[in-house]
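Here is a short report on side-chain packing.

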Amino acid sequence: MIEFSLWDILRNLLLATRWTVLLSLVAFIGGALAGILLLFMRIGKRRALRLFAKCYVELFQGTPLLMQLFLAFFGLGLLGIDVPAWLAAAVALILWTAAFLAEIWRGCVEAIAKGQWEASSSLGMGYLQQMRYVILPQALRIAIPPTVGFSVQVVKGTALTSIIGFVELSKAGTMVTNATFQPFTVYGLVALIYFALCWPLSKSSQILERKLNVAHRNH
Amino acid sequence: MKYVFDFAWLGQYWPVLLKGVAVTIGLITVGAVLGIALGIFCAWARALGPKWLRPVITAYVELIRNTPFLIQLFFIFFGLPSLGLQMSELQAANLAMVVNLGAYSCEIIRAGIQAAPRGQSEAGASLAMSPIQTFRHVILVPSLQRIWPALSSQVVIVMLGSAVVSQIAAEDLTYAANFIQSRTFRAFEAYFVSTAIYLLLAIALRQVLAAVGTMIFPRRSRQ
């Protein structure tokens, strides 16, 4: 039997961490773009679009991410294309992230005082101008901490893609465990790597919240 | 696309789904009660507990909140037996859910406690209540009432997250879906139906928690 040193285990896990990071970035950036689209549907004037965005968010927040991954994996397959795990993982995570970000941002836009809308429209600004110059710059400020905080959920969410066969940190953990028979060490290390990825994000979210809130409190 | 959807298997396999639903409900019931209890204890320990305990609780909360539930589950189910802690799949699943919810609810409850005005606990002390009495009646219950909506959402999140316990062969709803798709080769339909059931469960759980909220906080501090 081959002996595995701690370094062997750690090296393999760290190599797989690349894919966790990459998938997190893809999911977050893609989700943010789709989330902006959803946000505009949700707060816009068209009733049908508002309803669509609302149902979309309800649907994705009310069902397990794992099920969404399965449905993406097998659902895309129904279209007759051969679906690699990474594609299903990316699609599902982007759709899931978009739902949560849209809902977070909606809260931020709605937190802007109504008087701001009224004041800007009394200055003769159109909807887009109001958004561009009055509402979004203020909403952006309060949106940053919860958005950074949610990125932690995205990183943790990528762990589920191991179940549909995408080889990232969690899957590598399972594979290394099967080779070394040291689940305690391996999963402990996997947890520590996730912690090293997520904790700085959580902490910076807290710090940003404290910093950006200072201006808000003085109003 | 020439795929024909087929839900005929439902006639034969609905008892499997039903059993899965029962297990999921059981898991979240035990998980929610014990998890919130653990959260209350941790919040108490952080606010009033012995000094040495506080960093331990902080470490626990940070560690759980910054690692995926799947890894916590694997660590408990595959890792702990090497320390001599053997558990069944369901026990491991439930333990993981309790530990997970405990950390999140600790943080939520702590936020509620911090929002409690300082004068309240001073008032409690001036009425000759013991610190424990003050904590229980003056701090905790109003705080819980304040954060009940946030706590409820967290319970729903843990219920949805419990789908991954199928990975250690705990026989929940997702496990049932996996079982059915392996028998019928109707993967999309099986997951579609179970996703719909999860959605209904999430909606129902929100209603139940709202009802529980009005039951245990009967217009206490409503002016």
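Is Phe41(B) buried, partly exposed or exposed? Phe41(B) counts as partly exposed, because its relative accessibility is 42%. Buried means under 20% relative accessible area, exposed means over 50%, and partly exposed lies in between, with a 1.4 Å probe and protein chains only.

## Basis of the model

This is a predicted model: local features need pLDDT of at least 70, side-chain atom pairs count only at pLDDT 80 or more, and totals for chains, interfaces and linings use all residues. Residues are numbered from 1 along each chain as its sequence is written, chains are lettered from A and ligands numbered from 1 in the order in which they are written, and side-chain values use heavy atoms, leaving out hydrogens and water.

## Aromatic pairs

Over all chains, the structure holds 22 aromatic pairs. Rings of Phe, Tyr and Trp (its six-membered ring) pair if their centres lie within 6.5 Å; planes under 30 degrees apart are stacked, over 60 edge-to-face, and the rest tilted.

Tyr13(B) and Phe179(B) form an edge-to-face pair, 6.4 Å centre to centre with 75° between the planes. The pair links distant parts of the chain, 166 residues apart: Tyr13(B) is in helix α1 (residues 10-47) of chain B and Phe179(B) in helix α7 (residues 173-184) of chain B. Helices are DSSP runs (H or I, at least four residues), as are strands (E, at least two), numbered from the N terminus. Tyr13(B) is buried at 11% relative accessibility. Phe179(B) is partly exposed at 28%.

Phe41(B) and Trp44(B) form a tilted pair, because their planes meet at 35° with centres 5.8 Å apart. They sit 3 residues apart in helix α1 of chain B, so about one helical turn separates them. Trp44(B) is partly exposed at 22%.

## Nonpolar cores

The largest nonpolar core has 117 residues. Such a core is a set of buried Ala, Val, Leu, Ile, Met, Phe, Trp, Tyr and Cys residues joined through side-chain atoms within 4.5 Å. Its largest share, 13 residues, comes from helix α6 (residues 131-161) of chain B. Met159(B) is among the residues with the most contacts inside this core. Beyond four places in sequence, Met159(B) touches residues including Ile28(B), Tyr198(B) and Leu205(B), with contact meaning heavy atoms within 4.5 Å.

## Cysteines

The structure holds 0 disulfides over all chains; a disulfide is a pair of cysteine sulfur atoms within 2.5 Å. For Cys42(B), the nearest cysteine sulfur, that of Cys106(B), is 4.9 Å away. Cys42(B) is buried at 2% relative accessible area.
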